[in-house]
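Hello,

Here is the structure we spoke about, for you to look over. My notes follow below it.

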Amino acid sequence: MSTTQEASKIAGYETTYVTRAEMSDEALKTLQERLARAVAEFKGEVVLTEDWGKRKLAYPIQKETRAQYTYVVYTGKGDVVHEFERNLRLHEHVLRFLTVNLEDEFDSETFRKRRADLHAAAKRREEEREARREERMAERRGHDTSESHDFDSGSEE
């Protein structure tokens, strides 16, 4: 079995974790590096890390109402998830986390391509939405001025 075939046999996972909003950027970066080392120990790789920013929580967790959300996609063999979650449990600023098994035979290149396509589609939709919004605003401005002209012309008769 070649190394490319072995690489495709690695399972893929995604973990979203929530940390206290007061956690500094430096501390968050340190946590991410620690998690990346844990993944590397299990012959995996961190495919994607997204910072979703600080958001209001749906309900208070340990008296916190806002938190920093981070999304990580990674691969690994054996107990990679157990080690990843163990590192999250050990960190005092981590409030919650959720891990999902993406695929037993995860292909990181295919995932990256799909993710880029999704982001591009979302950006196109947002641009189209903005163009429609501008059209409506221009239409309203044009409609408002035409109404005032109709009113003025009607009063002259």
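**Arg20 and Glu64**

Arg20 has a relative accessible area of 15%, so this residue counts as buried, the cut-off being under 20%. Please keep in mind that this is a predicted model. The side chain of Arg20 forms a salt bridge with that of Glu64, at 3.0 Å from N to O.

**The strands around β3**

Strand β3 covers residues 64-76, and eleven of its 13 residues are buried. β3 pairs with β1 in the antiparallel sense, over ten bridges. In that pairing, Tyr17 stands opposite Thr70 of β3. Strand β2 (residues 46-61) is also antiparallel to β3, and the two pair over ten bridges. Here Lys54 has Gln68 in β3 as its bridge partner. The hairpin of β2 and β3 has two residues between the strands, and Gln62 in this hairpin takes a positive phi near 50°.

Helix α3 spans residues 80-90, and its buried residues are Val80, Val81, Glu83, Phe84, Glu85, Asn87 and Leu88. The buried residues of α3 pack against β1, β3, α2 (25-41) and β4 (94-103).

**Glu14**

Glu14 sits in strand β1, residues 11-20. Glu14 is buried and has no salt bridge; Arg115, the nearest side chain of opposite charge, is 5.9 Å away. Neighbours within four places in sequence aside, the contacts of Glu14 are Tyr71, Val72, Val73, Leu98, Thr99, Val100 and Leu102.

**Aromatic pairs**

A search of the whole structure gives four aromatic pairs. One of these is Trp52 with Tyr71: the ring centres are 5.1 Å apart and the planes are at 15°, so the pair counts as stacked. The pair links distant parts of the chain, since Trp52 is in strand β2 and Tyr71 in strand β3, 19 residues apart.

Phe106 and Phe111 form a tilted pair, with 5.5 Å from centre to centre and 45° between the planes. Phe106 is buried at 3% relative accessibility, and Phe111 is buried at 8%. There is also one aromatic cluster, formed by Tyr13, Tyr74 and Phe84. Phe84 is one of the buried residues of α3.

**Salt bridges**

How many salt bridges does the structure hold? There are eleven. Two of them lie in helix α4, which runs over residues 108-156. The side chains of Lys113 and Asp117 meet at 3.4 Å, N to O. These residues are four apart in α4, so about one helical turn separates them. Lys113 is exposed, with a relative accessible area of 54%, whereas Asp117 is partly exposed, with a relative accessible area of 43%.

Glu130 and Arg133 also meet in a salt bridge, at 2.3 Å from N to O. Both residues lie in α4, three residues apart, which is about one turn of the helix. Glu130 is partly exposed at 32% relative accessibility, and Arg133 is partly exposed at 33%.

Regards

Key
Residues are numbered from 1 along each chain as its sequence is written. This is a predicted model: local features need pLDDT of at least 70, side-chain atom pairs count only at pLDDT 80 or more; totals for chains, interfaces and linings use all residues. Side-chain values use heavy atoms; hydrogens and water are left out. Buried means under 20% relative accessible area, exposed over 50%, partly exposed in between (1.4 Å probe, protein chains only). Lys and Arg count as positive and Asp and Glu as negative; His and the chain ends are not counted. A salt bridge is a side-chain nitrogen of Lys or Arg within 4 Å of a carboxyl oxygen of Asp or Glu. Contact means heavy atoms within 4.5 Å. Two strands pair if DSSP finds at least two bridges between them. Rings of Phe, Tyr and Trp (its six-membered ring) pair if their centres lie within 6.5 Å; planes under 30 degrees apart count as stacked, over 60 as edge-to-face and the rest as tilted.
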